[in-house]
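Hi,

Here is the structure I promised to pass on. Have a look at it first, and then read on for what I found.

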Amino acid sequence: MGNVKGVHHIAIKCCGVKEFEKTVSFYKDIIGLSVARAWGEGENAGIMLDTGAGLFEIFANADEKLPMGAFRHVALDVEDVDGLVEAVRAAGYKITMEPTDIVIGSKPPYPARIAFCIGPVGEEIEFFHVK
């Protein structure tokens, strides 16, 4: 694997305090990530939320809404795909793929249960549970 040990963090830039607070609430209160550290206030606010295998870093200082680029989605390794989908749906967020059992046709086959949603700033999130 060389010098790379894993993913340290994924950054999300929000346009202002209101979008920042909504995004932090989504990942903290609905998804259930814990706060690793936070800094600043208002437009200078930032926070890191712990996924257990890396961090989500969220900032309040984007100059403009960012379009979805080459980065397709973030996949979170989760225990309960169905429960998270229900929590996200109850909070009013769009589910783009209902919970589905799949088998990735690799050798050996890789069975999983997955679902997708759209987060507060348009980010695509996959909930991924290895079976």
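To get your bearings, in which strand is the place of Arg 37? Arg 37 sits in strand 2, which covers residues 34–39. Helices (H or I, at least four residues) and strands (E, at least two) are DSSP runs here, numbered from the N terminus.

Before going further, a word on the numbers. This is a predicted model, so local features need pLDDT of at least 70 and side-chain atom pairs count only at pLDDT 80 or more, while totals for chains, interfaces and linings use all residues. Residues are numbered from 1 along each chain as its sequence is written, and side-chain values use heavy atoms, with hydrogens and water left out.

Back to Arg 37. Its relative accessible area is 46%, so Arg 37 is partly exposed. (Buried means under 20% relative accessible area, exposed over 50%, and partly exposed in between, with a 1.4 Å probe and protein chains only.) Setting aside neighbours within four places in sequence, Arg 37 is in contact with Ile 47, Met 48 and Leu 55, where contact means heavy atoms within 4.5 Å. The C-alpha atoms of Arg 37 and Ile 47 are separated by 5.8 Å, although the two are 10 residues apart along the chain.

The overall picture

The chain has 2 helices and 8 strands, and from the N terminus the elements run β-α-β-β-β-β-α-β-β-β. The C-alpha atoms fill a box of roughly 50 × 40 × 25 Å along the principal axes. For 131 residues, a compact globule would have a radius of gyration near 14 Å, and the 16 Å of this chain agrees with that. (The radius of gyration is taken over C-alpha atoms, and the globule rule is 2.2 Å times the number of residues to the power 0.38.)

Buried residues make up 37% of the 131. Among contacts between residues at least 6 apart in sequence, 48% join residues at least 24 apart. The chain exposes about 8000 Å², with carbon and sulfur atoms supplying 55% of it; accessible areas come from the Shrake-Rupley method with a 1.4 Å probe, and for residues only the protein chains shown count as cover.

The core

Which residues touch the most other members of the largest nonpolar core? They are Tyr 27, Ile 31, Ile 58 and Phe 127, out of 27 residues in that core. At least two core residues come from each of helix 1 (17–30), strand 3 (46–50), strand 4 (55–59), strand 5 (74–77), helix 2 (81–90), strand 7 (110–118) and strand 8 (124–130). (A nonpolar core is a set of buried Ala, Val, Leu, Ile, Met, Phe, Trp, Tyr and Cys residues joined through side-chain atoms within 4.5 Å.) Beyond neighbours within four places in sequence, the contacts of Phe 127 include Ile 31, Leu 76, Val 81, Leu 84, Arg 113 and Cys 117.

Strand 5 also holds Ala 75, which is partly exposed at a relative accessible area of 44%. Ala 75 and Glu 124 are 49 residues apart in sequence, and 8.7 Å apart from C-alpha to C-alpha.

Salt bridges

Side chains of opposite charge can pair when their charged atoms come close. The whole structure has 5 salt bridges, each being a side-chain nitrogen of Lys or Arg within 4 Å of a carboxyl oxygen of Asp or Glu. One of them joins Asp 82 to Arg 113, with the closest N and O atoms 2.7 Å apart. Asp 82 lies in helix 2 and Arg 113 in strand 7, so this pair ties together parts that are 31 residues apart in sequence.

Arg 113 also meets Asp 101 in a salt bridge (3.0 Å, N to O). As Asp 101 lies in strand 6, this pair ties together parts 12 residues apart in sequence. Asp 82, Asp 101, Arg 113 and Lys 131 are linked in a network of salt bridges. Asp 82 counts as partly exposed at 33% relative accessibility, and Asp 101 is partly exposed too, at 44%.

A nonpolar patch

Lastly, Ile 104, Tyr 110 and Val 130 make a nonpolar surface patch of about 230 Å². (Patches are made of residues with over 30% relative accessible area and no salt bridge: like charges are joined within 9 Å, nonpolar side chains (Val, Leu, Ile, Met, Phe, Trp, Tyr) within 5 Å.) Ile 104 belongs to strand 6 (residues 95–104) and is partly exposed, with a relative accessible area of 36%.

Cheers
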